[in-house]
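Please look over the sequence and the model first, and then follow the sections in order.

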Amino acid sequence: TYISWDVKQVLLWKFDFRPNHSPKLLHHVKFSNQPNFICAIVNVPRMKVFLAAALDMTFKIFDRNLRLLESIHHEERAILQLELDAEKDIIYSSGANGISVWRLYRNTSVDKAHIMEKLYSFEDCEKWVTHMIYEPRFNRVYAIKERSVQVLSTTRRSVITVLADVHDAPVNVVCWYERNQFYMTGCR
């Protein structure tokens with residue numbers, strides 16, 4: 001199965017690998033009165049859930065069949081992107097408040113509620129990070145804002161360099177070239 005979303009809905013699909021067969025829609029959740037209600041969504045396989053960031057300042061937790069399990073309020077203004085590091089069991093978010101790091105787990109008490117714990121934020125990171133790229137191999141997060149990129153170290157929890165106004169158009173890709181020790185950036 002896989003998930004997709006647009007301005008009005010979230011869709012759960014099953015891909016059929018047989019020749020001449022189309023993907024099958026398994027389930028969908030509509031948000032007709034609030035366009036762009038779901039801003040970001042990530043699969044959390046260990047917990048068998050989808051975690052979504054919504055415009056109402058909540059995390060929405062859906063099961064594998066796209067049924068809403070819980071809605072958890074947060075204090076971040078707008079979360080635009082989520083990235084999961086399944087190995088470290090943490091989730092990176094980017095948006096209006098910069099880059100934050102979270103952990104999702106289940107409460108062991110009777111109600112078994114999901115908990116979203118904010119571990120920390122990169123304090124010296126720009127606000128309104130429009131796009132983020134997580135590079136776990138090098139312990140880096142690239143906070144992209146228009147034509148500039150801040151390189152964040154996940155081990156130091158700080159900005160290690162700023163690539164300011166590197167292109168004439170907005171940056172959409174960044175990576176570290178280890179062999180020659182330099183960053184590569186790209187734009188459309």
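## Terms and basis

A residue is called buried when its relative accessible area is under 20%, exposed when it is over 50%, and partly exposed in between, with a 1.4 Å probe and protein chains only. The model is predicted, so that local features need pLDDT of at least 70 and side-chain atom pairs count only at pLDDT 80 or more, while totals for chains, interfaces and linings use all residues. Residues are numbered from 1 along each chain as its sequence is written, and side-chain values use heavy atoms, with hydrogens and water left out.

## Confidence

The predictor's confidence in each residue, pLDDT, runs from 0 to 100; its mean over the chain is 91, and 99% of the residues reach 70 or more.

## Two loop residues with positive phi

Trp128, in the loop between strand 11 (114–121) and strand 12 (131–135), has a positive phi near 55° although the residue is not glycine, and at 38% relative accessibility Trp128 is partly exposed. Met57, placed in the loop between strand 5 (49–54) and strand 6 (58–63), likewise has a positive phi, near 60°, and is partly exposed at 25%.

## Nonpolar cores

A nonpolar core is a set of buried Ala, Val, Leu, Ile, Met, Phe, Trp, Tyr and Cys residues joined through side-chain atoms within 4.5 Å. The largest one has 16 residues, and Val44, Leu51, Phe59, Leu82, Ile91, Leu104 and Met116 have the most contacts inside it. Two or more residues each come from strand 4 (38–44), strand 5, strand 6, strand 8 (79–85) and strand 10 (98–106). Apart from this core lies another, of 14 residues, including Tyr92, Met132, Ala143 and Val159.

## Salt bridges

A salt bridge is counted when a side-chain nitrogen of Lys or Arg is within 4 Å of a carboxyl oxygen of Asp or Glu, and this rule gives 9 of them. Asp89 pairs with Arg46 at 3.0 Å, N to O, a link between distant parts of the chain, 43 residues apart.

Methods. Helix = DSSP H or I, 4+ residues; strand = E, 2+ residues; numbered from the N terminus.
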